[in-house]
Amino acid sequence: MRAQSSATAHSRIAVAGETRPTGADTPVTAASRRSGTLLAALGVVAFSLTFPATAWGLEGFGPWSLVSVRSVLAALIAGACLLALRVPLPGRGHLAGLAVVAAGVVVGFPLLTTLALQTSTTAHAAVVVGLLPLTTALFSALRMGSRPSRTFWTAALVGAAAVVAFTVQQSGGALTTADLYLFGALLVCAAGYTEGGRLAQVMPGWQVIGWALVLCLPLSVPGAALALSYEPVRLGAHSVAGLLWVAAGSQFLGLVVWYRGMAAIGIPKASQLQLAQPLLTLVWSVLLLGEHLTVAAPLTAAAVLVCIAVTQRARG
């Protein structure tokens with residue numbers, strides 16, 4: 001009984017959207033936060049490849065085919081893991097949250113950004129990613145009652161403004177018809193991230209995205225069959241590699257480490273790591289798509305890194 005009480009006293013609980021220690025075991029807490037930050041950062045790296053990989057995928061697939069097939073492949077990977085580890089079905093109380101995750105990060109964000117990338121460059125599409133950290137923090141405040149400090153919000157706003165200014169400048173400063181898709185994707189993804197981060201505090205993060213993907217199978221399988229029957233497919237090295245990455249890397253593995261990271265360091269702080277995502281996306285765009293960057297890139301990168309450092313140190 002005493003051991004149980006001691007374990008409870010030193011357990012980690014979720015407060016205002018962040019996991020905080022109930023005991024005085026500071027080294028463990030610090031190590032957990034470092035691990036959580038690393039996991040969230042790995043998720044950002046995986047996500048930064050999504051737009052270039054989607055552009056590759058669109059070379060051989062139509063937008064509806066690409067989104068539906070990537071969802072099916074990711075669900076098969078997730079379902080195999082769930083079956084192999086004999087994970088029990090989620091409780092009824094988690095189904096509503098999993099539905100929000102599925103609607104936001106499995107269906108909504110991939111579909112809307114893929115439709116946008118038909119007419120938008122990856123640089124312009126990165127605007128939505130630049131605004132995503134701030135939007136996720138806002139959703140977290142509304143959904144989970146988190147109250148980050150003024151310093152946190154100031155750094156977040158400055159970082160978001162820097163990223164938006166940079167990405168808009170990269171796209172020539174002109175708004176495109178894809179903007180409605182991008183801003184819609186921004187909203188649904190922020191909702192999915194927030195709900196997924198909340199669920200990851202009570203169940204493993206990989207199970208959150210795993211069950212969300214599996215829940216979408218009744219829609220994604222017939223959707224893939226229908227889309228493939230109407231949209232032509234031209235298989236090539238780029239299209240296959242792009243499809244495999246957005247399915248396995250972006251849709252499953254990236255979200256696994258991302259949700260685990262959010263559960264460890266809190267949704268608002270984890271979301272601010274995504275301030276670096278547009279810049280990483282632009283780097284991949286140069287290396288993989290042959291796009292060109294201006295001299296503003298290193299200056300913006302320095303400003304973003306400062307903002308990330310401030311938000312990581314600011315207390316909620």
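At which residue does helix H11 bend? The views below are taken from a predicted model.

View 1. The chain has 316 residues, and 51% of them count as buried. Among contacts in the chain with a separation of 6 or more, 89% join residues 24 or more positions apart. The chain has an accessible surface of about 14100 Å². Carbon and sulfur atoms account for 71% of that surface.

**View 2. The bend in helix H11.** Helix H11 covers residues 237–265. The bend is at Leu255 and comes to about 35°.

**View 3. Helices H5 and H11 where they cross.** Helix H5 covers residues 92–116. The axes of H5 and H11 come within 13 Å and cross at roughly 135°. H5 is therefore oblique to H11, as angles over 145 degrees would be needed for roughly antiparallel. The crossing of the two helices is right-handed.

**View 4. Residues in the contact between H5 and H11.** Which residues of each helix make this contact? From H5 come Val101, Val105, Val106 and Pro110. From H11 come Gln251, Leu255 and Tyr259. In an α-helix there are 3.6 residues a turn, so residues three or four places apart point the same way. Leu255, which takes part in the contact with H5, is also the residue at which H11 bends.

How values were computed: Residues are numbered from 1 along each chain as its sequence is written. This is a predicted model: local features need pLDDT of at least 70, side-chain atom pairs count only at pLDDT 80 or more; totals for chains, interfaces and linings use all residues. Side-chain values use heavy atoms; hydrogens and water are left out. Buried means under 20% relative accessible area, exposed over 50%, partly exposed in between (1.4 Å probe, protein chains only). Contact means heavy atoms within 4.5 Å. Accessible areas come from the Shrake-Rupley method with a 1.4 Å probe; for residues, only the protein chains shown count as cover. The bend at a residue is the angle between axes fitted to the seven residues ending there and the seven starting there. Helices (H or I, at least four residues) and strands (E, at least two) are DSSP runs, numbered from the N terminus. Axes are lines fitted to C-alpha atoms, for helices over the stretch in contact, and angles run from 0 to 180 degrees between N-to-C directions. Angles under 35 degrees count as roughly parallel, over 145 as roughly antiparallel, 65 to 115 as roughly perpendicular and the rest as oblique. A crossing is left-handed if the near helix is turned anticlockwise from the far one by less than a right angle, and right-handed if clockwise.
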